[in-house]
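Student: I have a new structure open and would like to learn how to read it. Could you walk me through it?

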Amino acid sequence: MSERKLLERLDHTTMKNKYTEKERLLRVLSGKLVDRPPVICPGGMMNGAVTEVIESLTENHNVDLKAMITAAKLVYDQTGFENYGVPFCMTAESEPLGIEVHFGDKYIEPRVTKYSKLPMEAVVKLEAICPQKEPRMKTVIDAIEQLANEDVPVIGNITGHMSTASSIVDPNIVFKYLLKKPDLSMEFMSYVNAYLIDYAIEMIKAGADVIAISDPTATGEILGKRIFEKYAVPFYQDFVNAIKPYGIPVIFHMCGNAKNVLESIDKAGFNALSFDSIVNMKQAKEVITTQLMGNVNTQSLNFGTLEKIEALTKVCLDSGVDIVSPACGLGMSTSIRQIKSMTQYVKEGYSHV
Amino acid sequence: MSKNELFDEIRENLIEMEEDAVIELCKKSLEMKIPAIETINEALIKGMDEVSKLYEEEEYFLPEILMCSDAMNGGLDVVKPHLNKSDMEDPIKVVIGVVEGDTHDIGKNLVKILMEASGMEVHDLGRDVPLDAFVNKAVEVSSDLIVMSTLMSTTMDGMGKVISKLEAKGIRDQFKVFIGGGPISQFYADRIGADVYTNDASDAVREAKKMMGRAS
């Protein structure tokens with residue numbers, strides 16, 4: 001750490017707890033110094049609505065507006081994560097394109113049960129999707145509007161274009177077409193990305209403080225660097241550029257081993273990059289130029305001892321992450337107690353020097 | 001064109017993901033009266049071996065594997081009907097699937113492709129597979145291996161339950177149980193009594209051959 005940075009940090013220890021949770025997160029996402037990293041669980045693919053948290057709900061929090069809002073607040077109240085985040089799945093974006101969705105319950109998340117009957121060639125000829133007209137996307141937007149407040153940051157979550165595309169059309173076909181039918185693939189990705197951008201803008205208008213995109217199917221581990229740079233990065237850049245005028249930061253999460261695409265994803269312009277537990281954060285920090293988020297192992301959060309969870313959280317902090325978060329989606333059977341050992345360690349067990 | 005030159009061309013086109021070319025060249029092999037078993041072993045399977053290497057070297061990824069697999073299967077469809085029954089040594093039989101409750105199947109598909117590419121007979125149960133289905137299918141086809149995959153820690157327990165079901169029926173010893181997936185580890189495999197845990201698809205194929213005493 002440079003001497004200048006060290007001195008700045010020393011000044012900041014006197015400002016402990018000066019910030020609201022919203023201020024802290026927004027400061028970090030714009031590269032400003034804070035007293036300590038925030039600890040968040042954005043929502044969407046990576047959400048804190050585990051079974052123990054949502055036990056008391058009587059309606060499905062993936063579908064019902066009131067239940068969605070309540071679930072977001074329950075996560076905040078009970079786990080120690082310093083944000084509200086909606087929705088709690090990755091299916092709202094692909095739903096309008098004729099797929100079948102199981103809406104999940106308190107034990108298992110929503111999932112796609114049947115891909116669209118439409119082939120890719122037909123999907124790209126459809127009219128643009130309008131998020132405000134789609135029931136579940138509208139519910140998410142309305143939830144954000146009602147959750148918006150002064151102190152707790154509200155994160156609107158979006159499934160990235162590659163994952164959305166491969167929830168509409170069978171991923172085996174999507175992957176093959178990337179090589180076999182590049183023009184059609186580009187058209188399909190553009191079609192999907194366009195309404196994801198509209199969705200994000202509606203979330204922002206509703207009061208979202210941060211947008212978080214997760215795109216697990218686009219991981220470098222599956223696509224490789226060549227295809228990632230051709231079919232993933234340009235669309236992320238379009239997304240970021242479309243959101244820029246609104247002044248709202250964007251977080252990006254990638255699952256799996258992202259080592260081969262670290263430099264590529266850094267080019268996209270996101271305010272923070274969130275990685276899975278297999279990524280060495282110290283090494284990532286040497287490569288990426290934006291803020292780093294992650295990456296407490298979710299198996300350990302679910303099944304590990306409290307000591308192990310604290311130790312892993314400490315590793316994240318010592319590696320220099322700017323935001324602490326789980327490494328990936330939490331298992332539904334993860335206990336509140338286990339989650340809190342992570343969040344409390346960040347809030348109370350951490351000191352700069 | 002000599003036989004070896006033809007095989008070289010088939011392998012190269014397979015690696016280059018040129019399905020139509022592989023199909024045409026396999027048709028040519030029949031015109032040249034080359035035994036189907038030789039085309040399969042020397043051209044198609046050896047071609048996919050190269051593809052496996054490229055995957056391990058991180059040159060090829062899933063999209064490329066899927067395309068190469070299509071090319072291989074295209075060629076296979078042409079020559080397979082011309083096999084003599086005595087040609088194929090008994091293939092290793094595999095029942096594979098993603099455990100009940102989980103729909104992530106990319107990893108499982110990769111294992112299936114590489115196993116089929118090396119000549120194994122794979123019965124793919126798909127994803128979200130009810131636990132009994134693993135047992136029933138394995139018995140039905142007299143499988144050698146039962147291969148289970150999951151990406152989710154919430155569905156891992158299913159693997160142990162399948163092993164318990166095999167034990168309850170007194171047939172555990174008839175099958176080798178392979179497990180893999182994101183939350184899986186050697187520690188977990190030992191805990192539930194699985195025979196093999198592998199970290200990736202290529203290892204799964206290697207271990208399968210090793211277990212069954214076949215040349216790799």
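**Reading chain B**

Tutor: Gladly! From the N terminus on, chain B runs α-α-α-α-β-α-β-α-β-α-β-α-β-α, where helices (H or I, at least four residues) and strands (E, at least two) are DSSP runs numbered from the N terminus. This is a predicted model, in which local features need pLDDT of at least 70, side-chain atom pairs count only at pLDDT 80 or more, and totals for chains, interfaces and linings use all residues. Residues are numbered from 1 along each chain as its sequence is written, while chains are lettered from A and ligands numbered from 1 in the order in which they are written.

Student: How many helices and strands are there in chain B?

Tutor: Chain B has nine helices and five strands. Its C-alpha trace spans about 55 × 35 × 25 Å along the principal axes.

Student: Which residues of chain B make the contact of H2(B) with H4(B)?

Tutor: Two residues are in contact if their C-beta atoms, placed from the backbone, lie within 7 Å. On H2(B) they include B:Val22, B:Ile23 and B:Cys26, and on H4(B) B:Ala71, B:Gly74 and B:Val78 are among them.

Student: And what touches chain A?

Tutor: 16 residues of chain B are in contact with 20 residues of chain A. The elements giving two or more residues to that side of chain B are H4 and helix H5 (106-117). H4(B) gives the most, with five residues.
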